[in-house]
Amino acid sequence: MDELLKNHMFTAHAIAGAGSVTFSTLLTYPLDSLKTLVQVGSGSGKQQLGAAQILDRVRILSGTSGLYNGFGWSTLARISGLGARFGVYEILTAFYKGHHIHASCLFEDGREDNYVHVSEAFTAGMVAGAVESVISSPFEMVKVRKQVTSASLIPSSSFVAEKRAVVPSISRLLRGYTPDQKALNHSVELLSTLTSKHPNMIGALLEYPWMMTGSGRPPPVFHVRRPSDIISLEGWGALWRGLRSGVVRDSIFGGVFFSIWQFLHQAMLDWKAVGMDPAPRSDDEIGPLSPLAVSLAAGFSGSVAAAASHSFDTAKSRSQCIVLPKYISMERRLLKWKRPGRRFERYTGIHPSDRSLLSRGIWLRTGRSGAASFLLVGGYFLAVHQLLR
């Protein structure tokens, strides 16, 4: 490890990669916030807001800076996720290249088969995407909830401070949370018809975790947005909620992205090799391509990959906004609760009620992914050129 850190080239590429990821995330993050809010703000029983309406809501409730809620977590997710994606992809493609060279395969034009085929790029991209999803899911969980908070109207608690001492069960699950007094009073009124009443009905109800909000419902998302809150109320496993849809999403994205990028890259190399005398025997003899051309190819590949995987991105975002306390998860395990929906939906993490909403925000994600991929690759080339010159 010390040798790697002392290697100037390794350090330069690491700095260039992290810097380009941060730069591309900074410029495209508002689109990501709008995309997430369009996805999670939709429902079959509610009015579906457009991007312009959501933008106005965020600006009213949180200001323009609300579009950058969760930016730090998104940057961590992308640095770790993209590092894993490109790292695994390079390892797998290096194996493919070594296998081709060892087999000594030749094209009809005499060029050595030492590059990655499109099918191989697709396979390597799918594996790399799955690894990326596992690594970046915890960061995405916090990011999505902070984005939702920026468009949420957070009511002020009306529960008096002295009441907090009598609800230790709530403080253990979600520190600092206070129930809704109106909902709690309504629940007490429903129980007022009982012949035998508890002398302290409110205190007795709050001893049960199911009544921590006063209504029997889980707390809203904007109250469970910090990592410590998520772990305390929902458990460590909640950080990977939506992993099924996330793995499918990132596998499809990685496979489509790298296969299209490899196809365009090879097409540009073949075009550049036309008329060269003598004919190049390998891609290395053709020379490097223009950074602008490679960046444009990456941007196009990112847009197509985002469109192909968007349905699963919507499913993942919506599942991450569901607050599922530990006591409800325990009940589901005891009752052997089964996931609703068809077999494909159960395996991929899509909820049946989201079937008509899976395409929401697709243009925002397509544009954001294309722009981010272009800026990422272009920024990386520029940073490496400046650091190694």
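Predicted model: local features only at pLDDT ≥ 70, side-chain atom pairs only at ≥ 80, totals over all residues.
Figure 1. Phe258 is buried, at 2% relative accessibility. Eleven aromatic pairs are counted in the model. One of them joins Phe86 and Phe258 in an edge-to-face arrangement, with 5.4 Å centre to centre and 80° between the planes. Phe86 belongs to helix 4 (residues 71-103) and Phe258 to helix 10 (residues 243-273), so this pair ties together parts that lie 172 residues apart in sequence.

**Figure 2. The aromatic cluster that contains Phe86 and Phe258**. Ring pairs link Phe86, Tyr89, Phe253, Phe257, Phe258 and Trp261 into a cluster. A charged side chain also meets one of the cluster members, Phe257. The charged end of Arg85 sits over the ring of Phe257, at 5.9 Å from the ring centre.

**Figure 3. The ring pair of Phe312 and Phe344**. The rings of Phe312 and Phe344 are edge-to-face, 6.3 Å centre to centre, with 65° between their planes. The pair counts as edge-to-face because its angle is over 60 degrees. Phe312 lies in helix 11 (residues 291-320) and Phe344 in helix 13 (residues 343-348), and the pair links these distant parts of the chain, 32 residues apart. Phe312 counts as buried, with a relative accessibility of 10%. Phe344, at 52%, counts as exposed, because the limit for that class is over 50%.

**Figure 4. The kink in helix 11**. Helix 11 has a kink of about 60°, centred on Ser309. The end C-alpha atoms of helix 11 span only 37 Å, whereas a straight helix of 30 residues would span 44 Å at 1.5 Å a residue. Phe312, from the ring pair with Phe344, is also part of helix 11.

**Figure 5. Arg332 over the ring of Trp337**. The charged end of Arg332 sits over the ring of Trp337. The distance from the charged end to the ring centre is 4.1 Å.

**Figure 6. The protein around the close-ups.** The protein has 14 helices and zero strands. Of its 389 residues, 44% count as buried. Among contacts in the protein with a separation of 6 or more, 81% are between residues 24 or more positions apart. The protein exposes about 20600 Å², and carbon and sulfur atoms supply 63% of that area.

Terms used
Residues numbered from 1 in each chain as written. Heavy atoms only, no water. Phe/Tyr/Trp six-rings, centres within 6.5 Å; stacked < 30°, edge-to-face > 60°. Helix = DSSP H or I, 4+ residues; strand = E, 2+ residues; numbered from the N terminus. Buried < 20%, exposed > 50% of the residue type's maximum accessible area, 1.4 Å probe, protein only. Lys NZ or Arg CZ within 6 Å of the ring centre and 35° of its normal. Expected span 1.5 Å × (residues − 1). Bend = angle between axes of the 7 residues up to and from the residue. Contact = heavy atoms within 4.5 Å. Areas by Shrake-Rupley, 256 points an atom, 1.4 Å probe, with all protein chains shown as cover.
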